[in-house]
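Colleague: I have a model open and want to learn how to read its packing. Can we go through it together?

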Amino acid sequence: SGSEQLPATEDELKLLEQRYGDSYGAILGEIMHVEVCSRFELSYSIRRLAQFTHGPTEAAFAGLYRVLRFLATHPHRPVMYPRRAFEGFDEFRVDFDPPKYKSIQIPRTPCTIADSDHARDTLRRKSHHC
């Protein structure tokens with residue numbers, strides 16, 4: 001397993017803030033704003049990093065930097081909202097053995113999916129979705 005770190009001392013915290021350009025809470029807040037508005041795939045990572053707000057470590061700052069680096073290298077993946085209303089369905093079809101197939105209709109309305117524990121709980125494993 002990984003080693004644990006104690007929260008940074010006041011002097012170490014000042015050095016980390018100088019190295020990363022701002023306080024831990026300010027950087028986290030900026031990332032949370034992006035996550036809430038358009039980058040939902042970051043939710044789990046951001047919530048884990050938020051646990052270090054009152055006692056950030058060097059590893060926690062590095063985690064924030066890693067998320068920022070991901071955002072900088074993947075700028076074209078935000079959720080986009082269309083100008084016109086959502087209408088109709090998309091059909092998802094799986095062919096088993098021609099002519100046998102299974103088809104489901106997926107509504108084009110906005111939908112969220114949450115799998116907050118990433119399936120770590122093997123007894124009650126489930127996701128919640130629309």
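Colleague: At what angle do helix H1 and H4 pack, and how far apart are their axes?

Modeller: First, the ground rules. This is a predicted model: local features need pLDDT of at least 70, side-chain atom pairs count only at pLDDT 80 or more, and totals for chains, interfaces and linings use all residues. Residues are numbered from 1 along each chain as its sequence is written, and side-chain values use heavy atoms, without hydrogens and water.

Two packed helices are described by the angle between their axes and the distance between the axes. Here H1 (residues 10-20) and H4 pack at about 15°, axes 11 Å apart. So H1 is roughly parallel to H4 (angles under 35 degrees count as such). Helices are DSSP runs (H or I, at least four residues), numbered from the N terminus.

Colleague: Which residues meet between H1 and H4?

Modeller: Contact means heavy atoms within 4.5 Å. Leu13, Leu16, Glu17, Arg19 and Tyr20 of H1 meet Glu58, Phe61, Ala62 and Tyr65 of H4.

Colleague: Which residues have the most contacts inside the largest nonpolar core?

Modeller: In soluble globular proteins, nonpolar side chains tend to be buried together. A nonpolar core joins buried Ala, Val, Leu, Ile, Met, Phe, Trp, Tyr and Cys residues through side-chain atoms within 4.5 Å. The largest one has 13 residues, and Tyr24, Leu28, Ile31, Ile46, Leu49, Leu64 and Val67 have the most contacts inside it. H4 gives the largest share, 5 residues.

Colleague: Is Glu35 buried or exposed?

Modeller: Buried means under 20% relative accessible area. Glu35, in H2 (residues 24-37), is buried at 3%.

How values were computed
Helix = DSSP H or I, 4+ residues; strand = E, 2+ residues; numbered from the N terminus. Buried < 20%, exposed > 50% of the residue type's maximum accessible area, 1.4 Å probe, protein only. Axes fitted to C-alpha atoms, helices over the stretch in contact; angles between N-to-C directions. Parallel < 35°, antiparallel > 145°, perpendicular 65-115°, else oblique.
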